[in-house]
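Here are a few exercises to work through with the model open in your viewer. Try each task before reading its solution.

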Amino acid sequence: MGKGLVHIYFGDGKGKTTAALGLALRFLGWNKKVLIVQFMKRPQKQFNQFGEIVFLEKFAVIEQFGSSDWVFEKKLSDAAKKEALNAFDFLKEKVVSNEFDLIIADELLYCLDFGVLSEQDLLALIKSKSPELELVLTGSRKSWPALFSAADYVTEVKKIKHPFDEGADARKGSEY
């Protein structure tokens, strides 16, 4: 397949994970092996709440790490921090394993926002990855200049308007 590249999807808009999962579908379409590691998300396998995960776990390996509640910047528990560090340790093993063609580290960039990981931690991760591995990092509303410089693709997802702004609830099939 050639040299694996690094993608970053960040910003305040809806669609960062969706964009990454679109890339996963493309890789799966070519019979490539895909791993999705979800950071700081409530484990959903037992709830079957995220439609994309219910579907994709039939074709890709999905590992979810998170506390039992949604994570908010003002409410980051010690358990959530521990889960994020466990997820990062798992990810570090997988990026050098040559088991997968594509690895998506979903919401990993929020670990920078919350101070759980440093930009240097992620730069070291990128440097350590297998040369053929395509690596996708999602999350964060903030810009990380050194990290962006190390990536091959950087896409900002910007919110212009969202029904949540008017108090709408999340909708099955659209938001989950």
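**Exercise 1.** Which residue of β4 does V37 stand opposite?

Solution. V37 faces A105 in β4. A quick word on the ground rules: this is a predicted model, where local features need pLDDT of at least 70 and side-chain atom pairs count only at pLDDT 80 or more, while totals for chains, interfaces and linings use all residues. Residues are numbered from 1 along each chain as its sequence is written, and side-chain values use heavy atoms, with hydrogens and water left out.

Next, look at the strands themselves (strands, E, at least two residues, and helices, H or I, at least four, are DSSP runs numbered from the N terminus). V37 belongs to β2, which covers residues 34-38. 5 bridges join β2 to β4 (residues 102-106), and the two run parallel. On to β3 (residues 61-64): 4 bridges link it to β2, again parallel, with I36 opposite I62. Strands count as paired if DSSP finds at least two bridges between them.

**Exercise 2.** Work out which way the β2 side chains point, and whether they are buried or exposed.

Solution. Start with the general rule: in a regular strand the side chains alternate between the two faces of the sheet. Now apply it: V34, I36 and Q38 point one way, L35 and V37 the other. Then check the cover: 5 of the 5 residues in β2 are buried (under 20% relative accessible area with a 1.4 Å probe, protein chains only; exposed is over 50%, partly exposed in between).

**Exercise 3.** In what order do the strands form the sheet?

Solution. The 6 strands run β3-β2-β4-β5-β1-β6 in an open sheet with parallel pairing. β3 and β6 (153-156) sit at the edges with a single partner strand each, so one side of each has no neighbour in the sheet. Neighbouring strands are turned by 10° against each other on average, direction ignored. Helix α1 (residues 16-29) packs on this sheet, touching β1, β2, β4 and β5, and its direction makes about 165° with that of β4. Contact means heavy atoms within 4.5 Å; axes are lines fitted to C-alpha atoms, for helices over the stretch in contact, and angles run from 0 to 180 degrees between N-to-C directions.

**Exercise 4.** Why does F55 count as partly exposed?

Solution. Then read its relative accessibility: it is 42%, so F55 counts as partly exposed.
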